[in-house]
Amino acid sequence: MLKKSSWIAGLGLVCAAGFATWYSFGWQTNKHNPDALWHIVHERCANGAKPCTIYDASHGFALLHSVEGRGQYLLIPTKKVPGIESADLLGPDAPNYFAQAWSFREYVSRSYGVSVPDRELSLAINSVSGRTQNQLHIHLDCLKPEVRRELDAMAGNFGPSWVDLPIRLEGHAYRGLYLSDLGRSPFQILAAEIAQPQMHMRDHTLVVAPLGAGFALLDDTAHGPDRASGEELQDHSCRDYVKPV
């Protein structure tokens, strides 16, 4: 375990440098510029500049270390894909962005400096009303400890079909189903049972979290004060495994 004071001091310098780098690329304007993420990936990462950890044009994605939390990463398409509402996600040749994001989960542990078990990790994408950026990005980070416990308590409710969960997660009424793997895109699973998905997908949020030998796929819909931000189920401090710096 890396716990020496010198390592902590060094980490502080790295984090500070990371924040400065993001800010210099305009990320500080994310609330006012919904295309900030797109400009970072398309204009900087595509040309070999920071701050992307990975830029893979051949497979159509970039992996970006977020400024929100020490271990959070964003999986972002290298082409213009606004978000969960995009028809590009539903074609037969559409990339499985959730599976791609999950394949990079080791980066979360690397950034926190501890080994985070897979069952404590999660993936999330927010609805149109629950996001600030108009470029698809899947959040990869730890799951909130209380959400982990609640999912375990409800494990028997998950099956191959959608069911309303008996416990509210972060005060919101999610529904869920069980996936044995991430071989099929969660976007396409959701779209398969939504009438006119190109009109209504925009109101949904999706979260993937390990459950048993597979995964729980969670869905919430924006209505009233609920903006359908599945990211609310994530812990960007990973507090059960990472001591505050």
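Guide: Before we start, contact here means heavy atoms within 4.5 Å. Also, this is a predicted model.

Visitor: Fine. What does Ser-109 touch, leaving out residues up to four places away in sequence?
Guide: Ser-109 touches Val-114, Ser-115 and Val-116.

Visitor: And where does Ser-109 sit?
Guide: Ser-109 is in helix 4, which covers residues 106–112.

Visitor: Is Ser-109 buried or exposed?
Guide: Buried: the relative accessible area of Ser-109 is 16%. The cut-off for buried is under 20%, so Ser-109 counts as buried at 16%.

Visitor: Changing topic. How many disulfides does the structure hold?
Guide: Two. Cys-45 is paired with Cys-52, and Cys-142 with Cys-238.

Visitor: How far apart are the sulfur atoms of Cys-45 and Cys-52?
Guide: They are 2.0 Å apart. The link of Cys-45 and Cys-52 is right-handed, with 90 degrees about the S-S bond.

Visitor: Are Cys-45 and Cys-52 buried or exposed?
Guide: Cys-45 is buried, with a relative accessible area of 4%. Cys-52 is buried too, at 17%.

Visitor: Now Cys-142 and Cys-238: is that link left-handed or right-handed?
Guide: Left-handed, with -65 degrees about the S-S bond. The sulfur atoms of Cys-142 and Cys-238 are 2.0 Å apart.

Visitor: Which parts does the pair of Cys-142 and Cys-238 tie together?
Guide: Cys-142 lies in strand 5 (residues 138–143), while Cys-238 is in the segment after strand 10 (234–235), so the pair ties together parts that are 96 residues apart in sequence. Both Cys-142 and Cys-238 are buried.

Visitor: What is the pairing, if I number the bonded cysteines in sequence order?
Guide: The pairing is 1-2, 3-4.

Visitor: On to the inside. How many residues are in the largest nonpolar core?
Guide: The largest nonpolar core has 41 residues.

Visitor: Which residues have the most contacts inside that core?
Guide: Ile-138, Phe-187 and Leu-206.

Visitor: Take Phe-187. What is it in contact with, leaving aside neighbours within four places in sequence?
Guide: Phe-187 is in contact with Ile-84, Leu-89, Leu-90, Phe-98, Ile-125, Leu-136, Ile-138, Met-201 and Leu-206. Ile-138 and Leu-206 are also named among the residues with the most contacts inside the core.

Visitor: And which residues does the second, separate core include?
Guide: The second core has 15 residues, among them Leu-151, Leu-165, Leu-218 and Leu-233.

Key. Residues numbered from 1 in each chain as written. Predicted model: local features only at pLDDT ≥ 70, side-chain atom pairs only at ≥ 80, totals over all residues. Heavy atoms only, no water. Helix = DSSP H or I, 4+ residues; strand = E, 2+ residues; numbered from the N terminus. Buried < 20%, exposed > 50% of the residue type's maximum accessible area, 1.4 Å probe, protein only. Disulfide = S-S within 2.5 Å. Core = buried A, V, L, I, M, F, W, Y, C linked by side-chain atoms within 4.5 Å.
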